[in-house]
Amino acid sequence: MPKRVLSGTVVSDKPDKTVVVRVERRVKHPLYGKIIRLSKKYHAHDQDNSYREGEQVRIEECAPISKLKSWSVIDRIGAAKAATVEIVEGATAEAEAAATAAVAKAAKAPKKAPAQAVVKEAPAVAEVEAAEAVEEAVEEAAPAEALVEEAPAVAEVEAAESVEAAEAVEEAAPVEAKEAKPPKKAPKKAPAKAPAKPAKAPAKPAKAPAKPAKAPAKKAPAKKAPAKKAPAKKGKS
């Protein structure tokens, strides 16, 4: 029986004396009828480690060499495809422009003020804040003094009004006492007597005497059937 031969692409050459080959095949979908691609990976034996990733190779079925290897590489079909590398010439120019822009920004940055100027400005600010606090205290104290001056006048007016009210109450008290008469007391009504309790209900009549038990019925004596007389045997004459 001829051995199977497959062609595929090496996807890994890291193991020693072994390469992993991916084999692709095109089949028709059984239901939709569309052509689809299926792939499967095989571990193949590479004795000299001469095949690299990306190369097109052919593998042949052989006796099992290890747990995963039952294929061996026959030959190389195509070389690996080189990766395309783009070289941009203007990259250095852009880098230089960015560097010069950063240097220009650093040169234009304002320098920090010396510490002595800050120390001199601090006392002036403290004096302004103290003057403002004094003015606010004076403004708050003025309304309080005005209230203190008005307080005695208000107290005198309230005292005079209270004296007048007391005199008016004293004059009206005797008049009200004369007019007011004690109300007459209503005569006490005798409490109604509770109705007499009704007489007790008569005792219930005694229960009727129990009915005498029925005498058991006498059974009629069974009639005995008359005994049959045996026929007399006739003697021989």
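**Figure 1. Secondary structure of the predicted model.** The protein has two helices and five strands. Helices (H or I, at least four residues) and strands (E, at least two) are DSSP runs, numbered from the N terminus. The elements run β-β-β-β-β-α-α from the N terminus on. This is a predicted model, in which local features need pLDDT of at least 70, side-chain atom pairs count only at pLDDT 80 or more, and totals for chains, interfaces and linings use all residues. Residues are numbered from 1 along each chain as its sequence is written, and side-chain values use heavy atoms, with hydrogens and water left out.

**Figure 2. The barrel.** Five strands close into a barrel in the order S1-S2-S3-S5-S4, with mixed pairing. Two strands pair if DSSP finds at least two bridges between them. From one strand to the next, the twist averages 50°. Axes are lines fitted to C-alpha atoms, and angles run from 0 to 180 degrees between N-to-C directions.

**Figure 3. Strand S1 and its partners.** S1 (residues 5–12) pairs with S4 (residues 56–61) in the antiparallel sense over five bridges. Here Ser7 stands opposite Arg58 in S4. S1 also runs antiparallel to S2 (residues 18–28), joined by three bridges. Val10 has Val21 in S2 as its bridge partner. S1 and S2 form a hairpin with five residues between them. In the turn, Lys17 has a positive phi of about 60°.

**Figure 4. Ser12 in strand S1.** Ser12 lies in S1. Buried or exposed? Ser12 counts as buried, at 19% relative accessibility. The classes are buried (under 20% relative accessible area), exposed (over 50%) and partly exposed (in between), with a 1.4 Å probe and protein chains only. Neighbours within four places in sequence aside, Ser12 is in contact (heavy atoms within 4.5 Å) with Thr18, Val19, Val20 and Glu53.

**Figure 5. The largest nonpolar core.** This core has 11 residues: Val10, Val19, Val21, Val23, Tyr42, Ala44, Tyr51, Val57, Ile59, Trp71 and Val73. S2, S3 (35–45), S4 and S5 (69–78) each supply at least two of its residues. The largest share, three residues, comes from S2. A nonpolar core is a set of buried Ala, Val, Leu, Ile, Met, Phe, Trp, Tyr and Cys residues joined through side-chain atoms within 4.5 Å. Ile59 is in contact with residues including Val21, Val23, Tyr42, Ala44, Trp71 and Val73. Across the protein, 9% of the 237 residues count as buried.

**Figure 6. Strands S4 and S5.** S4 and S5 pair in the antiparallel sense over six bridges. Glu60 has Ser72 in S5 as its bridge partner. The side chains of Asp75 and Arg58 meet in a salt bridge (3.2 Å, N to O). Asp75 lies in S5 and Arg58 in S4, so the pair ties together parts 17 residues apart in sequence. Asp75 is partly exposed at 27% relative accessibility. Arg58 is partly exposed at 34%.

**Figure 7. Salt bridges around Glu24.** The whole structure holds five salt bridges. A salt bridge is a side-chain nitrogen of Lys or Arg within 4 Å of a carboxyl oxygen of Asp or Glu. Arg22 and Glu24 meet through their side chains (3.6 Å, N to O). Glu24 also forms a salt bridge with Arg37, the closest N and O atoms being 3.8 Å apart. This pair links distant parts of the chain, with Glu24 in S2 and Arg37 in S3, 13 residues apart. Arg37 counts as exposed at 63%. Shared partners join Arg22, Glu24 and Arg37 into one network.
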